[in-house]
Amino acid sequence: MMSTPKIKLNSGFEIPSIGLGTYSTSETATVSEAVAYAIKEAGYRHLDCAWIYGNEKTVGEGIQLSGVPRSEIFITSKVWGTYHTRVEECLNETLANLGTDYLDLYLIHWPVPLNQNGNPPAFPKLPDGQWDVDRSVDLRDTWKQMEALVKKGKVKSIGLSNFSQAKVEYLLETAEIVPAVNQLELHVYNPQHKLLAFLKSKGIVAQAYSPLGSTNAPLLTDETVTAIAAKHSLQPAHVLLGYLLAKDIVILPRSVSNTRIASNLKGALAAAEKLDASELEHLDGLAASGKQKRFVVFQWSVDLGFDNWV
């Protein structure tokens with residue numbers, strides 16, 4: 001079992017720099033067993049969850065199976081778009097499903113409020129197939145509800161997910177609490193250097209989801225990544241994770257394979273120590289060399305303010 005380094009948040013709390021992403025299409029039993037293994041055997045102390053994943057009850061069962069006290073586990077979840085006007089209601093569902101009375105971190109999943117009476121309810125669409133965006137909702141009002149949850153003691157820290165610089169700046173105009181984190185699609189093909197520099201200037205920690213890309217993504221076979229991996233006797237996945245970790249970005253690789261769960265943790269820590277400045281710089285430049293690519297793109301019918309939203 002390995003322990004992971006922690007990063008200090010602007011809220012005063014610390015977050016483990018490696019977390020287990022829990023989005024999964026696998027069977028319920030597999031998810032609970034994977035969560036239990038990650039905590040009890042592999043040494044993870046950070047779980048990244050979301051209401052929309054539909055498996056938080058299963059994740060909660062995995063936490064119970066692990067036998068590790070709740071106080072030792074950093075748990076994140078996210079409020080979905082249909083709950084922007086009733087954030088606490090979404091949180092209460094999450095808390096009940098996870099079997100806890102507080103979260104360490106709660107995020108706005110996307111900066112896109114959705115009308116709550118859609119069909120299907122979680123993914124409301126208009127007759128023309130466009131997302132049913134509730135344009136009457138102000139994101140700053142959603143943030144006020146998030147801040148109220150901190151004051152009630154139901155969450156320790158609050159933050160954002162999938163927010164561009166423009167969306168963060170808009171919130172900061174009236175925010176009492178500066179977001180602790182911004183969770184983004186971050187990897188060597190989508191490094192978002194300008195946004196990361198902005199977040200750092202505001203004291204906001206960046207988190208990386210899909211740090212290995214998506215299924216069948218070319219990152220694991222990239223010639224630069226594989227060459228660096230061979231040089232250091234690492235797997236390409238380790239290089240991709242270590243690259244982000246070395247840049248003080250929280251990484252959230254997801255898997256239900258015990259072997260990969262353990263390997264991701266150990267390999268990321270090893271790679272972060274082995275990669276030198278020139279290698280990090282080389283990896284930093286892959287996107288600009290013509291390889292810029294996002295793998296998670298929703299056409300939300302609103303401009304999110306991101307570069308390279310294709």
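Q: Trp 80 has a relative accessible area of 2% and is buried. What does buried mean here?

A: Buried stands for under 20% relative accessible area, exposed for over 50% and partly exposed for what lies in between, with a 1.4 Å probe and protein chains only. The model is predicted: local features need pLDDT of at least 70 and side-chain atom pairs pLDDT 80 or more, while totals for chains, interfaces and linings use all residues. Residues are numbered from 1 along each chain as its sequence is written, and side-chain values use heavy atoms, without hydrogens and water.

Q: How many aromatic pairs does the whole structure have, and how is one described?

A: The distance of the centres and the angle of the planes describe a pair of aromatic rings. Rings of Phe, Tyr and Trp (its six-membered ring) pair if their centres lie within 6.5 Å; planes under 30 degrees apart are stacked, over 60 edge-to-face and the rest tilted. The whole structure has 12 such pairs. One of them, Trp 80 with Phe 123, is edge-to-face, at 5.7 Å between centres and 65° between planes. Trp 80 belongs to the loop between strand S5 (74-79) and helix H3 (87-98), and Phe 123 to the loop between strand S6 (103-108) and helix H4 (139-152), so the pair ties together parts 43 residues apart in sequence. Helices (H or I, at least four residues) and strands (E, at least two) are DSSP runs numbered from the N terminus. Phe 123 is partly exposed, at 33% relative accessibility. The pair of Phe 306 and Trp 309 is stacked, because its centres are 5.4 Å apart and its planes at 15°. Phe 306 is buried at 13%.

Q: Which residues form one aromatic cluster?

A: The cluster consists of Trp 80, Trp 110, Phe 123, Trp 131, Phe 298, Trp 300, Phe 306 and Trp 309.

Q: How are two packed helices described, and at what angle do H8 and H9 cross?

A: The angle between the axes and the distance between them describe two packed helices. Axes are lines fitted to C-alpha atoms, for helices over the stretch in contact, with angles from 0 to 180 degrees between N-to-C directions. The axes of H8 and H9 cross at roughly 60° and come within 7 Å. H8 and H9 are therefore oblique to each other, where under 35 degrees is roughly parallel, over 145 roughly antiparallel, 65 to 115 roughly perpendicular and the rest oblique. Contact (heavy atoms within 4.5 Å) joins His 238, Val 239, Leu 241, Gly 242 and Leu 245 of H8 to H9 residues including Ser 263, Asn 264 and Gly 267.

Q: How many residues of helix H8 are buried, and what covers them?

A: Nine of the 10 residues of H8 (236-245) are buried. The cover includes helix H6 (193-201), strand S9 (205-209), helix H7 (223-231), strand S10 (250-251), H9 and helix H10 (277-284).

Q: At what angle do H1 and H9 cross?

A: Helix H1 (28-42) and helix H9 (258-274) cross at roughly 45°, with axes that come within 10 Å. That makes H1 oblique to H9. In H1, Ala 34, Tyr 37, Ala 38 and Ala 42 meet Asn 258, Ile 261, Ala 262 and Leu 265 of H9.
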